[in-house]
Amino acid sequence: MKLFFEFIMIGIGALIVAMGLELILSPNGMVDSGTTALSVIIKSLTGIPMFILLLAFNIPILLFTSKSFDRIFLFKTLWANVCSSLFLYLLTPVPPVTTSEFLIVIYGGVSIGIGVGTVIKFGGAIDGSEMLAVWANKNFKIPVSTFLMSINIIVLVITAIVFSIESAMFSLIIIYIMTKIVDLILDGFNQGRSVIVISNKHEEIGEYLINKLGISITYLNGYGGYSGEKSKVILCITDKLMYPSLKRSILDIDNNAIIESSYLADSHNIERTPIEQIIRKRIK
């Protein structure tokens, strides 16, 4: 039942991506990234339907990189691509919903981000560039972020040549919005934060966090590398909404306190698909 639900959600994500591409970006000469962007560009030059181009790019890439992924991921990715191509075909006769550059950038980026984020969240992928990035990293040790950045730079240069420099500039904003929306979908609104506090007033800070802010803490044994003195280090988990209040309260007690904070990708489940991992590397 869970697997069936995941496939349904991947299909919904593919529909949203198809709507963003066919009804917003493609008719207005703007792109997002990777193979979907190349499909938009080639369609404008040749007239070949985008649903054919997307399959022509992604299916060979999926087969070529198949040894880098597990079977369920391959099936989900294949399903995502078949669904997106089907929806692109069905939406081909529908006119664009807007020609306003402002609305294209905002709603194009948001729709692609929601669609891609949904597909990734439920274990699939919809763009071949991410699959190639994993393959290149495993076989040639090329950093995933470097590979994806190179692909997007090439895409933006081609966009500037085929459409215009202005279209490439708008597309860059679309890519930024898209990746932020993907980040939001994968992490949610209340992203967890791991906070480490080093202070001589650790007991006072600890009591305040427990009694006033209702935050559970853990004391770790610390040892000064220079001074050699033993001390207590506070470790706690909070979210991005509570963090500013927590930080302010700690500094009110000890303005010399050292506070180190990092995001927890998912405080409930840290196991991730390869594509979700590389998406996070791209958007940080």
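**Notes for a first look at this chain**

1. The chain has eleven helices and four strands; helices (H or I, at least four residues) and strands (E, at least two) are DSSP runs, numbered from the N terminus. This is a predicted model, where local features need pLDDT of at least 70, side-chain atom pairs count only at pLDDT 80 or more, and totals for chains, interfaces and linings use all residues. Residues are numbered from 1 along each chain as its sequence is written, and side-chain values use heavy atoms, with hydrogens and water left out.

2. Now the overall picture. The C-alpha trace spans about 70 × 40 × 40 Å along its principal axes. Of the 284 residues in the chain, 46% are buried (buried means under 20% relative accessible area, exposed over 50%, partly exposed in between, with a 1.4 Å probe and protein chains only). Among contacts with a separation of 6 or more, 74% are between residues 24 or more positions apart; contact means heavy atoms within 4.5 Å.

3. On the record side, an unreviewed UniProt entry places the feature "transmembrane region" at residues 7–25, 45–65, 72–90, 102–123 and 144–163. UniProt positions are in the numbering used here, feature names are shortened, and annotations may be inferred rather than shown by experiment. In the model, residues 45–65 are 81% helix and 0% strand, with end C-alpha atoms 28 Å apart. Residues 72–90 are 100% helix and 0% strand, and their end C-alpha atoms lie 27 Å apart.

4. Have a look at helix 3 (residues 50–64) and helix 4 (residues 71–91): their axes come within 8 Å and cross at roughly 170 degrees. Axes here are lines fitted to C-alpha atoms, for helices over the stretch in contact, and angles run from 0 to 180 degrees between N-to-C directions. Helix 3 and helix 4 are therefore roughly antiparallel (angles under 35 degrees count as roughly parallel, over 145 as roughly antiparallel, 65 to 115 as roughly perpendicular and the rest as oblique). Residues making the contact include M50, F51 and N58 of helix 3 and L74, N81 and Y89 of helix 4.

5. S26 sits in the loop between helix 1 (2–25) and helix 2 (34–46), and counts as buried because its relative accessibility is 12%. Not counting residues up to four places away in sequence, S26 touches L21, V40, K43 and M50. P96 is in the loop between helix 4 and helix 5 (101–121) and, at 37% relative accessibility, counts as partly exposed. Leaving aside neighbours within four places in sequence, P96 is in contact with L23, P27 and N28.

6. K141 has a phi near 60 degrees, a positive value in a residue other than glycine. You'll find K141 in the loop between helix 6 (128–140) and helix 7 (144–162), and its 65% relative accessibility makes it exposed.

7. Finally, the strands. Strand 3 (residues 230–239) runs antiparallel to strand 2 (residues 217–223), and seven bridges join them; two strands pair if DSSP finds at least two bridges between them. G222 stands opposite S231 in strand 3. The hairpin of strand 2 and strand 3 has six residues between the strands, and G228 takes a positive phi near 80 degrees there. Strand 1 also runs antiparallel to strand 3, joined by seven bridges, with V197 opposite I234 in strand 3. Strand 1 (residues 192–198) is mostly covered, as five of its seven residues are buried.
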